[in-house]
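Here is a short report on one protein chain. It moves from the whole chain to selected details.

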Amino acid sequence: MRERWLESQIALGIAPPDTRLTPRNPEVAAWDSLSADEKRVCARHQEVFAGFLSHTDAQIGRVTDYLEAQGLLDDTLVIVMSDNGASAEGGALGNLNLRRHFQHIPETLDEHLAALDTLGSDRHWNNYPAGWGHAGNTPHRWFKMQTHGGGVRDPLIVHWPRRIGQGGAINRQFCHCADLAPTILEAAGIDPAPQPGRMAMQGTSIAYTFDDPEAPTRKRVQYFELMGNRGIWADGWKAVTRHYPGDDYAAERWELYHLDSDFSEAEDLAATHPDRLGELQDLWEREAAANAVFPLDDRNIDRLPHTYYLSPRRRWSFAQGQGRMSGYAAPAIGNRSYLIEGEIDIDLASHGVILAAGGQAGGFVLHLDGGHLVHEYVGPRDRQVLRSAAALEPGRRRIAFQFAKTGDYRGTASLLVDGRTEAVATMADLWPAPVSGGVTCGHDDASPLSDSYAMPGTFTGTILSLTVETADDFRIDPALETHIALCED
């Protein structure tokens, strides 16, 4: 597929005619080495990806169709881009639930085979295998999160018929995502000069290419750094490193490519142009220092399965109908004891969501169903449901869900109504780190956490008060938690 796609890229003019296909990434298994079942799984993942790509294309079409119907399309600057190269996070067989990947919970081939017919539905948070990520990065070798072309070279389409005289041209000027903000400001006639006390805007506007697709590149330098991977581009040359966590930065080997004549980074010229490589390394140091990159930090949430970003708070209050609270600000309940309690006013017909966190890929919901107080926890593999023995009497009721940790990722859960224990169960299939995705009170606005209510599951009673309190029986590394929060954001 990489060979076929490169041929198509050259035929379309996206890649230069002399572009070489880099060798297969050593971290990707050859297709012929997979079993028949593994091929079925991998092929199905790519079919689902193709479907979602077509769906995305259709939504872009809806936007442009609307602009055209309003007579605005020719006068509107439209930018379509990818945020990074294709991902290797799916591993050998892809992911059914990316939350498992982030928390280091493995998935089996049998699980993938059982999910073939539902893959891509709302029952999964899926991602394709690394092999298809490699193919998606054709003709490059590496992936998202690396500073080689497979990580940082992406599609960019700019559409503005009233301003761009030669529509349909494929431009070769070097452009970085930092260049788009000054481009938009120039298009809008806004001066990007820095205001007192503010950092100067980075980037070089590419508006000059709108009139002359063959204009020389005005940008002179661009540095890259991500989780220890480093790179620097200047005047058509690029120096880059592939970093592995824990390796000595000083001992890492730098590669050198002349991108003006080597689109795919296929020929490493470090040995033949050591002086130029040295100049670029020195330039990277200066650019990195100027942009506060140091100290370098190669930690990644993928390597931190038992930690999570923690707020110093121990108590949160919620109000009925409030908007979604970010997962970064929400109660961090992973692997610790906690208590949800509140007061509600209900009648015999009251139902709906009291508190919801996360979504169908993982989370919990406290809700009223048929008069019963219900807590559902969507764990890595199982749904654990706790339901009050009796329906709640109409009127003001004090409700609570209490989780008492008895060991790592396990504990005893209790439902209480007016101080009376209504249900008790042992919970063991728990997420190592907290379920993210945000919290809502009085409704559920993400993917449904339960099949027992219709979205958005609006609570039809009145939530008079609702709080969450967390205990101290957890492990904490404040510096690490801050780093993870920044990386995820």
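Helices here are DSSP runs of H or I with at least four residues, strands are runs of E with at least two, and both are numbered from the N terminus. By that numbering, Pro295 sits in the loop between α8 and β7 (315-317). The model is a predicted one.

**Overall build**

The chain contains nine helices and 17 strands. Its C-alpha trace spans about 80 × 55 × 50 Å along the principal axes. Of the 489 residues, 45% are buried. Among contacts with a separation of 6 or more, 67% join residues 24 or more positions apart. Charged side chains number 44 positive and 68 negative. The centres of these two sets lie 2 Å apart.

**Backbone details**

Two cis peptide bonds deserve a look. Phe294 and Pro295 are joined by one, with omega near 0°. Thr138 and Pro139 are joined by another, with omega about 10°. Pro139 belongs to the loop between α5 (130-136) and α6 (149-152).

Positive phi values also occur. Asn335, a residue other than glycine, has phi near 55°. Asn335 lies in the loop between β7 and β8 (338-346). Its relative accessibility is 11%, so Asn335 counts as buried. Glu265 is not a glycine either, yet its phi is positive at about 55°. Glu265 is placed in the loop between β6 (255-258) and α8.

**Salt bridges**

The whole structure holds 26 salt bridges. Three of them are tabulated here.

| Pair | Closest N to O distance |
|---|---|
| Glu265 and Lys238 | 2.9 Å |
| Arg387 and Asp369 | 3.2 Å |

Arg20 lies in the loop between α1 (2-12) and α2 (36-69) and Glu267 in the loop between β6 and α8, so the bridge ties together parts 247 residues apart in sequence. Arg20 is partly exposed at 38% relative accessible area. Glu267 is partly exposed as well, at 39%. Arg20 and Glu267 also belong to a salt-bridge network with Asp262.

Next comes the bridge of Glu265 with Lys238. Lys238 lies in strand β5 (residues 237-240) and Glu265 in the loop between β6 and α8, so this pair ties together parts 27 residues apart in sequence. Is Glu265 buried or exposed? At 5% relative accessibility, Glu265 counts as buried. Lys238 counts as buried too, at 3%.

The bridge of Arg387 with Asp369 joins two strands. Arg387 is in β12 (residues 383-387) and Asp369 in β10 (residues 362-369), so the linked parts are 18 residues apart in sequence. Arg387 is partly exposed at 39% relative accessibility. Asp369 is partly exposed at 23%.

**A buried histidine**

His375 lies in strand β11 (residues 372-378). With a relative accessible area of 1%, His375 is buried. Beyond its neighbours within four places in sequence, its contacts include Tyr338, Phe364, Leu366, Gln384, Leu386, Phe401 and Leu415. The C-alpha atoms of His375 and Asn137 are separated by 44 Å. These two residues are 238 residues apart along the chain.

**A charged surface patch**

Which residues gather in a patch of negative charge on the surface? They are Asp275, Glu279, Asp282 and Glu285. Asp275 is found in helix α8 (residues 274-290). The cut-off for exposed is over 50% relative accessible area. Asp275 has 64% relative accessibility, so Asp275 counts as exposed.

Key
Residues numbered from 1 in each chain as written. Predicted model: local features only at pLDDT ≥ 70, side-chain atom pairs only at ≥ 80, totals over all residues. Heavy atoms only, no water. Patch = residues over 30% accessible without salt bridge, like charges linked within 9 Å, V, L, I, M, F, W, Y side chains within 5 Å. Areas by Shrake-Rupley, 256 points an atom, 1.4 Å probe, with all protein chains shown as cover. Salt bridge = Lys/Arg side-chain N within 4 Å of Asp/Glu carboxyl O. Lys, Arg positive; Asp, Glu negative; His and termini not counted. Charge placed at Lys NZ, Arg CZ, Asp CG, Glu CD. Buried < 20%, exposed > 50% of the residue type's maximum accessible area, 1.4 Å probe, protein only. Contact = heavy atoms within 4.5 Å.
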